[in-house]
Amino acid sequence: MEFTDLKRQYAILREPIDARIRRVLEHGKFIMGPEVREMEERLQIYTGAAHCISVASGTEALLIALMAIGIKPGDEVITSPFTFVATGEMIVLLGAKPVFVDVEDGTANIDAARIEAAITAHTKAIMPVSLYGQPADMDAINAIAARRGLPVIEDAAQSFGATYKGRRSCNLSTIGCTSFFPSKPLGCYGDGGAIFTNDDILAGSMREIRVHGQSGRYNHTRVGVGGRMDTLQCAIVLAKLERFEWEVERRIALGRRYDSLLASLAPRVRSLMIGSDRTSVHGQYTIRTAERARIQEALREKGIPTAVHYPLPIYKQPGYAAAYAGLSCPSAEKLAREVLSLPMSADLTEAEQDVIVAAIREALRVAA
Ligand SMILES: Cc1ncc(COP(=O)(O)O)c(C=O)c1O
């Protein structure tokens with residue numbers, strides 16, 4: 001069994017993917033070819049945002065977004081400690097300080113009720129993460145940001161396709177950043193990402209920053225990065241869009257099915273909460289259990305892969321800990337001890353899901 005089954009997806013989408021790749025090989029415009037703009041237009045329509053800027057990765061998306069809003073040394077950016085390291089890393093890379101606000105115990109997303117207390121004169125942005133594919137409480141976060149005149153960057157690397165109050169993730173705040181890492185809900189076959197905004201000025205800045213701060217050929221009006229997404233990767237995303245809406249619905253349905261199959265194992269195994277006003281695309285399907293080691297080992301013996309997203313809050317990582325002595329985010333720390341991600345992809349079958357849940361039952365010695 002695969003953790004993310006990309007082989008089955010390719011077997012189904014082989015024809016459009018191969019045709020798209022062939023077209024790029026034939027026209028030969030490997031950098032900023034026509035598929036780049038085509039993908040941006042398709043994703044712009046999908047999210048409802050006024051602008052989509054494709055970039056080299058989700059990490060690059062965060063970096064370019066932070067650069068566009070002018071984050072510089074000495075600034076503070078409020079974010080979640082319980083996320084992939086890139087979220088905090090890009091803030092540090094610009095010489096600014098991630099200010100970690102604890103997450104909600106139920107959703108593992110930043111606790112909006114704690115944000116206001118963390119704002120100082122140095123705060124320049126709020127960067128929530130839509131973890132595991134479920135948007136954070138964006139209205140509550142946007143309301144605080146509006147009161148304080150701060151931009152909000154949604155790290156939507158795991159949540160492309162999810163909705164919050166009927167609106168699409170990536171188009172829920174000042175800027176939305178996503179990733180097309182192969183295992184993401186919408187993945188390419190290498191690195192890729194995109195940035196979304198409704199702000200024309202920020203969009204212009206981010207387009208320039210993506211190509212070395214260039215506003216015209218060899219006219220560098222600002223400092224930028226080499227942050228373009230390859231034409232071939234855009235072509236793959238375009239091919240995958242053919243059944244993406246079906247994949248989103250399928251992921252939502254598989255997530256609900258996992259929830260109901262696992263319900264009888266509570267409180268030893270618990271699913272994360274999904275807000276009734278939003279959907280999760282389950283970039284990961286993640287459970288909580290104090291018996292993680294036992295379950296993980298039992299599943300491994302049966303050939304069922306699992307993963308821990310994430311074993312430490314960022315401020316406890318060796319490269320970051322020195323700057324955060326004494327910081328405690330109890331919910332993030334408890335989640336880090338308890339979370340376990342199970343196999344998830346649109347092509348996972350119900351029969352496989354049954355095998356996974358039966359293996360968890362057996363590990364816990366609970367009769368079916
Ligand atoms: C929450 C989060 N932010 C940022 C990233 C970085 O994306 P990428 O791997 O495309 O650079 C990821 C990807 O793993 C992620 O999960």
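The crossing of helices α3 and α4 is right-handed; a crossing gets that label if the near helix is turned clockwise from the far one by less than a right angle, and left-handed if anticlockwise. Helices (H or I, at least four residues) and strands (E, at least two) are DSSP runs, numbered from the N terminus. Keep in mind that this is a predicted model, where local features need pLDDT of at least 70, side-chain atom pairs count only at pLDDT 80 or more, and totals for chains, interfaces and linings use all residues. Residues are numbered from 1 along each chain as its sequence is written, and side-chain values use heavy atoms, with hydrogens and water left out.

**Helices that pack together**

Two packed helices are described by the angle between their axes and the distance between the axes.

| Helix pair | Angle | Axis distance |
|---|---|---|
| α3 (58-68) and α4 (86-93) | roughly 40 degrees | within 9 Å |
| α2 (34-47) and α8 (231-240) | about 40 degrees | 8 Å |
| α10 and α12 (350-363) | about 125 degrees | 9 Å |

So how do α3 and α4 lie to each other? They are oblique: angles under 35 degrees count as roughly parallel, over 145 as roughly antiparallel, 65 to 115 as roughly perpendicular and the rest as oblique. On the α3 side, Thr59, Leu62, Leu63 and Leu66 meet Ala86, Thr87, Met90, Ile91 and Leu93 of α4 (contact means heavy atoms within 4.5 Å). Sorted by class, that contact has seven nonpolar, two polar and no charged residues. For the classes, Ala, Val, Leu, Ile, Met, Phe, Trp, Tyr, Cys and Pro count as nonpolar, Asp, Glu, Lys and Arg as charged, and the others, Gly among them, as polar.

Now take α2 and α8, which pack at about 40 degrees. That angle makes α2 oblique to α8, and their crossing is left-handed. Glu35, Val36, Glu38, Met39 and Arg42 of α2 touch Thr231, Cys234, Ala235, Val237 and Leu238 of α8. This contact has six nonpolar, one polar and three charged residues.

Then there's α10 with α12, at about 125 degrees. These two helices are oblique as well, and α10 passes α12 in a right-handed crossing. Arg294, Ile295, Ala298 and Leu299 of α10 meet Ile356, Ala359, Ile360 and Ala363 of α12. By class you get seven nonpolar, no polar and one charged residues.

The largest pocket holds about 360 Å³ of space. Of the 22 residues that line this pocket, Phe84, Ala157, Ser179, Phe181 and Lys184 are the closest to its centre. Helices α3 and α4 turn up again here, each supplying at least two residues of the lining, and α3 gives the largest share, three residues. The lining divides into seven nonpolar, 12 polar and three charged residues.

How is a pocket found? On a 1 Å grid over the protein atoms alone, a cavity is a set of points where a 1.4 Å probe fits but cannot get out, and a pocket is an open set with protein on both sides within 12 Å along at least five of seven lines; lining residues have an atom within 4 Å of a point. Grid points are joined across faces, edges and corners, and a volume is the space filled by probe spheres set on the points.

The peptide bond from Ala266 to Pro267 is cis, with omega near 5 degrees, and Pro267 sits in the loop between α9 (244-262) and β12 (270-271). From His309 to Tyr310 the bond is also cis, with omega near 15 degrees.

Technical notes. Axes are lines fitted to C-alpha atoms, for helices over the stretch in contact, and angles run from 0 to 180 degrees between N-to-C directions.
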